[in-house]
Amino acid sequence: MGQVFDAPTLESTRDALDYLDFNDRETWVFACFAIKSEFGECGFDVWEDWGGQYKNYRAAEARAVWRSDRGGKTGIGWLFARAVERGYKSSRVVDAQEQARLRAEREARLAVMELERAADIAWSNNMANVVAEAAADIVAHYLAPVGRCAYIGQKNITPYGALFPREPLVLITDIKHEACRIISGYNAVREYWDYRKTEAGKLAQEHEFSLNIGKGCLVLPMRTMAGDVRNLQVITKAAKTAPKKLFIKCGQKTGTYLRIAGKGDAELVTEGWATACTLHKATGMPVWVTWDCGGLVNFAKEQAALTTDITFLFCGDDDATVDGNPGKTKAETAAQLLGGLAVLPMFPTGLPADKDHNDFNDLQSVSGLNEVTRQVNNAVAALTVPVVSASPVPSFDETPPIDVYDDYDLPAANEPDLPPAPVLLLPPDLEGCFKRYALIADDSQSKIWDSHAQKILKQKAVKDFVTPAVFKEWINDTQQRRTTTLASILPLAQKKAATVELGGGGLRMALERYVYLNPSQNVWDNQEREVVAVNDLRIAIAADYSDWVQHPERQEIKASNLVFDPTQRAPAEGYINRFTGLPLVPKRDDSACSNILNLLYALCNNDDVVYHWILRWLAYPLQNVGAKMQSAVLMHSDVHGSGKSYFFDGVMRLIYGNYCRVLGQTQLESQYNDWQSEILFGVFEEVLSRGQKYSHTGTIKQMVTGKNFRVEKKFMSGWEEANHMNAVFLSNEVQPLPVEPSDRRFLVVWPEEKLIDSLKLGVDEELNNGGAEAFLALLLAVPLDGFTIYSEPPTTEAKQRLMDFGKPAWQIFYEEWSSNQLEYPYSPVRVRDLFKAFERYCKDRNEHCMGQNKFTGFIRSKERRQSDVRYEFSGNEAKAAFFIVGICPEGKSKKQWLGAWVNKWEELLMRNGPSMGAEAA
């Protein structure tokens, strides 16, 4: 390491830093770790003063790198040794006494640093968990299995395991508050980037990282071996520069992977996703993706701790032009740990490995997929005699974990299993193609019959397997190429599939029962009438799944053509409607539902206006099935047993059957909302706790008036669905929901009486004797008289009470002031004077006050504010900010008019406190 410096000081460290290159990323990071290991937090300023000149410097990243060091990996000796190599010489003369003092200071410092290090480790662990939660949320709700990215075309790969953003989103990682937040949607993302340009946005960037996942990006979930998502790798779209591989800052990377499922005698492990896609396509074997060459060794260490008989082949990069060839070295080390084999791509003579030709994807681009298959198959054959190393495995513990904070790094994950590639390891040559394949002449897509596998294949599948050159020769040779017909080969395909009868009926049952929803990872189950995940189906029909996937008779519709359409206007051809009709047959007999009507009338407090409105509100979506009312009913009362639930759950549930659901706070807070799917009538009981009345109001408004919503179901691809749910909210809270003065959505009713026993018994008897059918018939006959989905509910006293209940103090103050209900006149007033009056108003009424700036902002939404307005006061002229109310009378100047009001307000404010004086304005 060179010269060792005993007890260095911050001053000598600052001098040594002048000899190091702050624009070298590795030096920049290692210097950080070296300084922190010696000085702890008191060394940050020294490192930042030097490292702040780094060309890619960002305050947030500097602080994150500083906190990421867990200590002990890089000591201060590293820094001084590098400085000496570049010409640094210490000019200090330190005698024994001074040396002893410095050592004593160092010992004291190290004790404090242990506490600092413990805090940093806790911070790093918490940030990794916060990032993992955000990454899992993005995978579950914001990504789709289909999409486009220029990187796929550049690498000429099939995007196994990749996900794509449904809409633009930005993930913000806040290292100061240890939190992540997700912004999604075109408008929200655009607003965020505009905010970043403001002063507040620039300040936020000092402790925030932003990961942009826009159109044209692809996302790779990074999972632990247990399958938990811990981070994401985002590959950006190619523009003028090469695509970037980005990770979420401060997240876990070590110990995360992505697995592409397959079949074979061994499992492959490689660095880089594009290389993994090439290897899987060439072999059909399972492939593990690590994110750099160091990940190969970490993978081997984890597997070595498990009990497994799996043989691993480490397909490394040949980094021949890099010192030490890390791709080769790490692959060989990993193979030694597991008794596997390391294999590197072998390029054609005259094309040695270099920075542009070092992995198996590069080999594919140079020599074709067939050559990749050949080289890997040869390596697999060599694995029949396991390679076990007798030499010790070198340790890499001395390398600090800086990759977590590199612009091209972050945690990884295992991908859910994908269907194995329907190919054999070794593709046939041209002669083998003539023997094996036949063109199906009467198929509209000119598919191909595989006589070996007895399967019908698409031309692209065969072309990719045998290589385009061989395929072209085969299909153009009409003399040797065989031809067949669907009628002749279908019995063979069905016979093969029918040899195993699993899952309650085998292939024939699967073909009749399941419909693939394209594009998605879901199927429709005709028998159970529900959406099923492909992964679940693969288990349910395990023996027939592969045949079902490729069978020409497999049913398929567009995913968007699976609809819930109570209006029943969707076309029959190519669509599946999940609505099957209401359960009851109406039977008109008004006397059979008289008690039900009396119950509703009692709930409306015998108010004819409210009763007739709610009766038509109930009737309209039954007379127009599927109609989405743009209003909802909120019925709340402190009277327990008024019959709210009895009517809306007990009676209306019978009318709507399975299309009615009673819901609560659990459903509203869940990250999955499949409970909202296929509902016509939703009854929400005590849906919000007191602390959440405002946080979920946006969700409730969307449920009441939104036309569509996206259904998110666990372990399944989401889908869009039209909103047909009409909602009733029931509560015993005085303020169950905040209702704004301008809110036209709610009819609010406060039942005043408890349900009497005789009426309850009468309703019971009616429901047991056709009362629900009679009530349905009555509703179907209710005259609507121009009532529509947009008809506004009447404003009840209960609604007015809720609106007043939710008003902030400033609004109540303004309403009373502007209507001359206060001792302060509704007149021109200095901004400061009005705020002083508001402060006293809040104090007298024990209301929550606010700052002057915020108060002024609210009042400005109501009154005109002018700055630097001149006025005459006590014979002097002054100026201040005013709220101008009214018009200056004739015969007075504006200065005199405003001065008179300033004097009046001074007198009023003097009664309860000292005068502010004109000079204070």
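In which strand is Glu208 found? Select Glu208, and the element around it is strand E5, strands (E, at least two residues) and helices (H or I, at least four) being DSSP runs numbered from the N terminus. The model you have open is predicted, so that local features need pLDDT of at least 70 and side-chain atom pairs count only at pLDDT 80 or more, while totals for chains, interfaces and linings use all residues. Residues are numbered from 1 along each chain as its sequence is written, and side-chain values use heavy atoms, with hydrogens and water left out.

**Stop 1**

Leaving aside neighbours within four places in sequence, Glu208 is in contact (heavy atoms within 4.5 Å) with several residues, among them Arg58, Ile172, Asp174 and Tyr192.

Tyr192 leads on to helix H8 (residues 186–196), whose buried residues are Val189, Tyr192 and Arg196. Look down the axis of H8: these buried residues fall within an arc of 55°, so they line one face of the helix, the arc being that of the directions from the helix axis to the C-beta atoms. On the other side of H8 you will find Tyr186, Asn187 and Glu191, which are exposed. To see what the buried residues of H8 pack against, select strand E3 (169–174), strand E4 (179–184), helix H9 (199–204) and strand E5 (208–213).

**Stop 2: a mixed sheet**

Next, select the four strands that form an open sheet in the order E16-E15-E14-E17, with mixed pairing; two strands pair if DSSP finds at least two bridges between them. Strand E16 (455–457) and strand E17 (482–484) stand at the edges with a single partner strand each, so one side of each is left without a neighbour in the sheet. Neighbouring strands of this sheet are turned by 40° against each other on average, direction ignored. Strand E15 (residues 448–450) pairs with E16 in the antiparallel sense over three bridges, and the partner of Ile448 in E16 is Leu457. Axes here are lines fitted to C-alpha atoms, for helices over the stretch in contact, and angles run from 0 to 180 degrees between N-to-C directions.

**Stop 3: strand E26**

Move to strand E26 (residues 681–685), which is mostly covered, as four of its five residues are buried. Strand E25 (residues 660–663) runs parallel to E26 and is joined to it by four bridges, with Cys660 opposite Phe681. E26 also pairs with strand E29 (residues 726–731) in the parallel sense, over five bridges, and there the bridge partner of Phe684 is Phe729.

**Stop 4: helices H30 and H31**

Select helix H30 (residues 809–818) and helix H31 (residues 831–845), whose axes come within 11 Å and cross at roughly 110°. That makes H30 roughly perpendicular to H31, since angles of 65 to 115 degrees count as roughly perpendicular, those under 35 as roughly parallel, those over 145 as roughly antiparallel and the rest as oblique. Among the residues that meet here are Trp810, Phe813 and Trp817 in H30, and Leu834, Phe838 and Tyr841 in H31.

**Stop 5**

Leaving aside neighbours within four places in sequence, its contacts are Val831, Arg865 and Phe883. Phe883 belongs to E33, where Val829 stands opposite it. Three strands form an open antiparallel sheet in the order E31-E33-E32, and its edge strands, E31 (829–830) and E32 (864–873), each pair on one side only.

Note on methods
Buried < 20%, exposed > 50% of the residue type's maximum accessible area, 1.4 Å probe, protein only.
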